[in-house]
Amino acid sequence: MAEKTKKLVQLLHIVSSAMKKTMCEASEMASGLTLAQFQLLEALSRQEKMTMADIANTFNIKPASATVMVDKLVEQGWLIRESGTNDRRKVWILISEKKKQEWAGHHKKKMENLAVFMNVLSEDQKDNFISILETLAKK
């Protein structure tokens, strides 16, 4: 492996760990949610609703594991299950109305934490970083 590639891998690991720590801190503030639960709520806040298959595919887990995670969040009042209008066999998973405001506060705090983390970069560095990440995301 070339030296630059080794250095990139090391740095990506360090940055990834630091960002994960920031996410963990935000998830701990969110009423004791695990990181996986926090990430599921994050995905649902972007997509609004998902099926169990969507969740399993998104997180690369087995449907049974997705069901266990969803069941716990339903018990805690974070999520609800909703039958499809055209096909009652299709079940959608959504963030509950009563928890949407609470989630918005946790999401805002996470974004503030990430902003502090990223503010060590200049605007030019941020632009370059975005460009690099966009290139890598296309792979």
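Predicted model: local features only at pLDDT ≥ 70, side-chain atom pairs only at ≥ 80, totals over all residues.
Which residues in helix 2 meet which residues in helix 5?

**Stop 1: helix 2 against helix 5**

Select residues 35-47 for helix 2 and residues 97-118 for helix 5. On the helix 2 side, pick out Phe38, Leu41, Glu42 and Ser45; they meet Trp103, His106, His107 and Lys110 of helix 5. Sorted by class, this contact has 3 nonpolar, 3 polar and 2 charged residues. Now display the two axes. They come within 11 Å of each other, with a crossing angle of roughly 105°. Helix 2 therefore counts as roughly perpendicular to helix 5, since the range for that label is 65 to 115 degrees.

**Stop 2: Leu114 in helix 5**

Stay on helix 5 and select Leu114, which lies in this helix. Is Leu114 buried or exposed? Its relative accessibility is 14%, so Leu114 counts as buried; the cut-off for buried is under 20%. Next, show what surrounds the residue. With neighbours within four places in sequence left aside, Leu114 is in contact with Met19 and Thr22.

**Stop 3: helix 2 against helix 4**

At what angle do the axes of helix 2 and helix 4 cross? The crossing is at roughly 80°, and the axes come within 11 Å. This angle makes helix 2 roughly perpendicular to helix 4. To see the contact, select Ala36, Gln37 and Leu40 in helix 2, then Met69, Val70, Lys72 and Leu73 in helix 4. By class, the contact between these two helices has 5 nonpolar, 1 polar and 1 charged residues.

**Stop 4: Leu40 and the nonpolar core**

Keep Leu40 selected and look at its surroundings. Apart from neighbours within four places in sequence, Leu40 is in contact with Ile55, Phe59, Met69, Val70, Leu73 and Leu79. Which residues have the most contacts inside the largest nonpolar core? They are Leu40 and Leu79, in a core of 19 residues. Helix 2 supplies the largest share, 5 residues.

Definitions and conventions:
Residues numbered from 1 in each chain as written. Heavy atoms only, no water. Helix = DSSP H or I, 4+ residues; strand = E, 2+ residues; numbered from the N terminus. Buried < 20%, exposed > 50% of the residue type's maximum accessible area, 1.4 Å probe, protein only. Contact = heavy atoms within 4.5 Å. Axes fitted to C-alpha atoms, helices over the stretch in contact; angles between N-to-C directions. Parallel < 35°, antiparallel > 145°, perpendicular 65-115°, else oblique. Nonpolar A, V, L, I, M, F, W, Y, C, P; charged D, E, K, R; others polar. Core = buried A, V, L, I, M, F, W, Y, C linked by side-chain atoms within 4.5 Å.
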